[in-house]
Amino acid sequence: MRLEPIENPGIARRLGPPALALGATVVIASLLAMVAGANPFSVLGLILKGAFGSQFAILETLNRATPLIFTGLAVAVAFRAKFWNIGAEAQLYGGALVTVVFGTGMLALPAYSMLPLLALLAVIAGALLLLVPAILKVRFGVDEVVTTLLFNFIFLLFISMLLEGPLKDPMGMGWPKSARVLPEARLPRIVEGLRLHWGFALALIAALCVWVIQTRTTLGYEMRAVGLNREAAAFAGIPVNRVLLQTALLSGGLAALAGFSEVSGLKGSLTLDLSPGYGYTGIIVAMLALLNPLGVVISALFVAGIFVGADSMSRAAGVPTYLADIMLATALLLMVLAILLTRFRVVRG
Amino acid sequence: MGAGTDVVLRLDAITKRFGGLVANDAISLSLRKGEVIALLGENGAGKTTLMNILFGQYTADSGSVAVMGQTLPPGNSRAALEAGVGMVHQHFTLADNMSVQENITLGVDPLLAPGLNRAAARKRILDLAERFHLAVHPDARVGSLSVGERQRVEILKALYRDMKVLILDEPTAVLTPQETDDLFATLRQAVASGLSIIFISHKLHEVMAIAHRVVVLRHGRLVGEVATEDTDKSALSAMMMGGAEARAPEVSRTEPGRALMELRGVSTPNIGNAPGLKDVTLSLRAGQILGLAGVSGNGQAALAEVVGGQRKPGSGTLVLNDAPPTAWTPRDAVRRGIARIPEDRHKTGTISDFDLTENAILERYKGTPFSSHGWLNWRAARRFADEIIQKYDVRCPGADTRIRLLSGGNMQKLILGRVLEAAPQIILANQPVRGLDIGAVNYVHSQLLAARDRGAAVLLISEDLDEITRLSDVIHVISEGRLSPGFARGQKSPAELGIWMAGQGFADAS
């Protein structure tokens, strides 16, 4: 058995496998729910209702999609240039860290200058965090998969140290938690009274910007060329190492915006459970989107919908919450496989 | 061909389609004991597909393969080998870190209890080597052998395994003329002792020299099958091309002008196993084609990298328009008017998943007219691509086609257009026609000649001595990174150049 690429796949080929994957996910989810003692036929309805069934559900899904769009973009940008940034998690926390460091009183500015400044500082922090592995890669050939992945653990422990020490909220009853950011450092809600903050709009704008960069600018052209064929790019005179460094700056900055947006828009303070692995899930989001920045928005909404829906379903059906995690994992695995099958066919021999 | 009892290999009505393309259309072929068949055809004629079917890499849509009267199961890649059909690929399949003997016995003699067989195996290898004049030492490490020697190991491997049929895929591409003669002597001897050979080539004079029978493929069809004694080169050429006579461009004499680029005593470090340059001095003159002959892997890559801006001279000086360039990167080279046609158009010349437009601007996307302040001007890029497509006759569905869907010839035309549209001063053509069909070869050559005639300096690097001697105004031979003196057109015969290619003239000269 081997895979053969398909040139110009038709509409059935593009939509068929993902549809099958969705169907299979529903069947598997239902069976799992049955094993756990719930009514298998109510599962799909409960997931959909939990994700999109009410205004609250929809806003919850959009909120959940926001950090995933940022990390998904970060990964999509880097992977497009074949720079394997597995460290979006650390960059996310880097952005969050900067937001609380400067947002809890060090700066006293009105919101209209405070927020852009915090966002910018977060971007710089994330960019610098990824610049180090990038330099190690272009200078010494150190594999960035290893450095960015391992750095996640180092950086999370570093945050943990800060939260137990200098950043610990004196009013926090001893919890490892930072102080809350100032009101001027909070992203306002898009519509007053509705629980959706401007971080979501920022994420959409970021996706649009990345798309414009990739398709309209020389930098995007260079990044795609380097990703598709480093040897030919170098031969043609594209400064491959410089492009990789620029890619790292952009990718790290995007991931850091997820941290900024979560702290400033949603949580208000930094804790160690700020991200339930958004940095890693961003990889899946980017892969599902075939690294297309606009596709990242759609796949982030899909993943967030399953997150929120499966969670809500497990509560409503009275099954353990880890079933939701299993369903999410199943859905993502099947979808990644389905996306693969939209571009390749399996042949014997 | 009759179904005589001495037929060792028989392909019966093999058909293979890839989508709408018929790669093999009902091809039947039989090979008799002690016979050499030449399989002749341009690239894309279906030779490779046919061999892949024979070796079970592909399954034919219909038709069958039989060896010694036994039909092979389709899609089984070991069946042909076990039935006694061996193949020597263009890219050898040897383990560099093992000895010649280990390579030859690998997979035949058991790995365990080797003590028993080792002496016998060694004797057998030495016997075969002597009988067929394949001089290699059984204990030599394959990694240290020359290309010609490696090929001998491959042939020994087949002989050691008692192959009935040997398939040679473009075996002379990596050899000097003398080595080619040696190879042919070996093959004749092997045939006399009962081996049958399929010789895949597009060099007509070699086909005429070695084959008993010639089978010509065109567009997946078997279009001709003649005994060598009943045909000649021009008839075969016509068969390959389908009647359309391929006319090689006329080469006129020109007077060379001033030196546009000079290398003075340039040396570079070795690149892996391939030698770097050793004290190389040459000058590229306006209106002159300088041909660089040599067996592959003798420093051509290093020279191309220096001229093309990928590498700075380790020692010595590069002089461009009478002064050493202050910066020397690929982009500097392009800016200073150097057109670079790379050796490998798939891997270095183009980006397969970019479309024609994106590939057309690959070297010059920076700055006017294709971008300003970091913003690309796709309209200008598209216009440029369309211009190349039209002017250089690139056959494609449109400028938004991904370039990997193009044939090698059309890909090369795009590269030619990309570099020649800038009216370059200096042209670096590294293996510019490798793997192209005759029509495309003539086109590329005529473009190089036209560039020379308008005053450009051309550095032509090729392993094909015919190409070098036909086009070049002056010829240098490169061997182990050393450069021979320049020879004027016609000054040395191919055989004499071959001696230099083998690295022998240098000892005489020094």
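The residues lining the second largest cavity of this predicted model divide into four nonpolar, three polar and two charged. Gly counts among the polar ones here; nonpolar is Ala, Val, Leu, Ile, Met, Phe, Trp, Tyr, Cys and Pro, and charged is Asp, Glu, Lys and Arg. That cavity holds about 40 Å³ of space, and among its lining residues are B:His89, B:Gln151 and B:Asp169. By cavity I mean a set of points on a 1 Å grid over the protein atoms alone where a 1.4 Å probe fits but cannot get out, with lining residues having an atom within 4 Å of a point.

Some housekeeping. Residues are numbered from 1 along each chain as its sequence is written, and chains are lettered from A in the order in which they are written. Because this is a predicted model, local features need pLDDT of at least 70, side-chain atom pairs count only at pLDDT 80 or more, and totals for chains, interfaces and linings use all residues, while side-chain values use heavy atoms, without hydrogens and water.

Now the largest cavity, at about 60 Å³. Where does the largest cavity lie? Domain 3 (259-337 + 424-509) and domain 4 (350-419) of chain B both give residues to its lining, so it lies between them. Those bounds come from an automatic or database domain assignment. The lining has six nonpolar, one polar and four charged residues, including B:Arg340, B:Glu363 and B:Arg418.

Last, B:Thr401. At 8% relative accessibility, B:Thr401 counts as buried, meaning under 20% relative accessible area with a 1.4 Å probe, protein chains only. A polar atom of its side chain lies 2.6 Å from the backbone oxygen of B:Gly398.

Technical notes: Buried means under 20% relative accessible area, exposed over 50%, partly exposed in between (1.4 Å probe, protein chains only). A polar contact is a pair of N or O atoms within 3.5 Å; within protein, one must be able to donate a hydrogen and the other to accept it, and residues adjacent in sequence count only if both atoms are side-chain atoms. On a 1 Å grid over the protein atoms alone, a cavity is a set of points where a 1.4 Å probe fits but cannot get out, and a pocket is an open set with protein on both sides within 12 Å along at least five of seven lines; lining residues have an atom within 4 Å of a point. Grid points are joined across faces, edges and corners, and a volume is the space filled by probe spheres set on the points.
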